[in-house]
Amino acid sequence: MKPHEGHAIDRPPWDCVHCKGTLHLNRLGGIATVTTATTPHAEIATPAGDNRTRTVLDHGFVTLIDTLGGDLTVVNSARVSFGKRKTELDDKDAKLINYLAKHQHWSPFRHVQLQFHCKVPEFVARQWYKHVVGIAYSEGASIDHAWNEVSMRYVNASEFDLYVPNGFRQQSDDNKQASLNEWVDDPQGLLRQAYVDHCRKALTLYQKLVESGVAREQARGVLPLNIYTEFYWTASLQALVNFIQLRTHPGAQYEIRLFAEALQQLIEPVVPMSYHALLGQAPA
Ligand SMILES: Cc1cc2nc3c(=O)[nH]c(=O)nc-3n(C[C@H](O)[C@H](O)[C@H](O)COP(=O)(O)OP(=O)(O)OC[C@H]3O[C@@H](n4cnc5c(N)ncnc54)[C@H](O)[C@@H]3O)c2cc1C
């Protein structure tokens with residue numbers, strides 16, 4: 001049984017027979033409860049009327065909060081070398097941006113900054129957080145990483161969602177860090193049910209510890225890695241491109257690839273010329 005058989009893109013599709021009957025964790029009175037969804041969750045979707053957001057997986061999202069600069073910023077940052085400044089973009093600017101991208105003249109792209117609000121499973125956040133170069137890039141690489149995250153020291157984690165996948169991918173034999181494009185056989189959904197039951201037990205224990213007076217900062221130790229976390233992330237266009245190139249690669253974990261694709265979709269309208277020069281098929 002293959003997870004994505006017969007589909008052009010290598011992700012569990014909306015109408016895949018293998019994805020039906022997905023189990024979702026919902027919140028009810030602060031305790032996670034299990035319901036069976038009538039339709040599988042979309043892997044990436046645009047909510048109606050909100051083109052600055054992409055929902056990802058069952059409860060995740062990426063929202064573009066703010067931007068600094070655009071293609072004109074890149075152009076003027078480069079043209080200042082010649083004492084020139086433009087107020088409108090033309091074909092010469094598209095050529096200039098392509099030239100800068102092709103020859104890795106990165107600094108003009110660093111003047112463009114984008115801020116996102118992200119909600120991702122904890123294990124995705126751990127991978128995301130390895131991208132330490134964010135808003136600043138001074139003499140050498142900087143670790144001025146613009147990242148602010150919800151704290152389980154302040155907030156009771158019973159409020160948090162848990163990610164339940166549409167199915168379980170098989171472990172690769174020859175690549176220790178990878179999964180295969182094959183589902184683990186689970187025709188009656190027993191493995192998935194066990195996964196959900198385990199999450200529910202962990203949340204129940206967490207709740208019990210908190211109600212017994214245990215500090216939230218210690219009680220969180222029993223929570224699973226599929227718990228969702230939220231953060232604000234600001235990065236330069238260069239850092240974003242690096243993130244997208246590394247995390248949309250087939251070698252990256254499937255779940256973070258979806259978030260990287262969502263970022264890609266949100267960046268394109270902000271810097272269409274730079275986007276195509278850096279990530280798309282720029283005209284020669
Ligand atoms: C498929 C995959 C598997 C991975 N597996 C693991 C793993 O098993 N364990 C693990 O710990 N990590 C792992 N990582 C994380 C990886 O090692 C990087 O930390 C992460 O991808 C961030 O990349 P980056 O340093 O390019 O990003 P950023 O931190 O955003 O850096 C951007 C760029 O700045 C420059 N830069 C950053 N820091 C410096 C510096 N100190 N000196 C000079 N230049 C610098 C580099 O050009 C870099 O590409 C994995 C990443 C991928 C994509």
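Me: Is Leu 57 buried or exposed?
Reply: First, a note on the model. It is predicted: local features need pLDDT of at least 70, side-chain atom pairs count only at pLDDT 80 or more, and totals for chains, interfaces and linings use all residues. Residues are numbered from 1 along each chain as its sequence is written. A residue is buried if 20 or more other C-beta atoms, placed from the backbone, lie within 10 Å of its own, exposed if 12 or fewer, and partly exposed in between. Leu 57 has 26 other C-beta atoms within 10 Å, so Leu 57 is buried.

Me: Where is Leu 57, and what is its phi near?
Reply: Leu 57 is in the loop between β4 (53-56) and β5 (60-68). Strands (E, at least two residues) and helices (H or I, at least four) are DSSP runs, numbered from the N terminus. Most residues other than glycine have a negative phi. Phi of Leu 57 is positive, near 60 degrees.

Me: Does Gln 104 count as buried or exposed?
Reply: Gln 104 is in the loop between α2 (91-102) and α3 (107-110). Its phi is also positive, near 55 degrees. Gln 104 has 8 C-beta neighbours inside 10 Å, so Gln 104 counts as exposed.

Me: What separates the C-alpha atoms of Asn 51 and Leu 266?
Reply: Asn 51 is in the loop between β3 (44-45) and β4. With 12 other C-beta atoms within 10 Å, Asn 51 is exposed. Asn 51 and Leu 266 are 215 residues apart along the chain, yet their C-alpha atoms are separated by 8.1 Å.

Me: Are α1 and α2 roughly parallel or roughly perpendicular to each other?
Reply: The axes of α1 (residues 71-79) and α2 come within 10 Å and cross at roughly 75 degrees. Axes are lines fitted to C-alpha atoms, for helices over the stretch in contact, and angles run from 0 to 180 degrees between N-to-C directions. Angles under 35 degrees count as roughly parallel, over 145 as roughly antiparallel, 65 to 115 as roughly perpendicular and the rest as oblique. Therefore α1 and α2 are roughly perpendicular.

Me: Which residues of α2 make the contact with α1?
Reply: Two residues are in contact if their C-beta atoms, placed from the backbone, lie within 7 Å. From α1 come Asp 71, Val 74, Val 75 and Ala 78. From α2 come Asp 93, Leu 96, Ile 97 and Leu 100.

Me: How do α7 and α8 lie to each other?
Reply: Helix α7 (residues 237-247) and helix α8 (residues 254-267) pack with their axes 9 Å apart. Their angle is about 140 degrees. α7 and α8 are therefore oblique.

Me: How many residues of α7 are buried?
Reply: α7 is mostly covered. What covers its buried residues includes α3, β6 (113-121), β10 (228-236), α8 and α9 (272-278). Among the buried ones are Leu 237, Leu 240 and Phe 243. Of eleven residues in α7, the buried number is eight.
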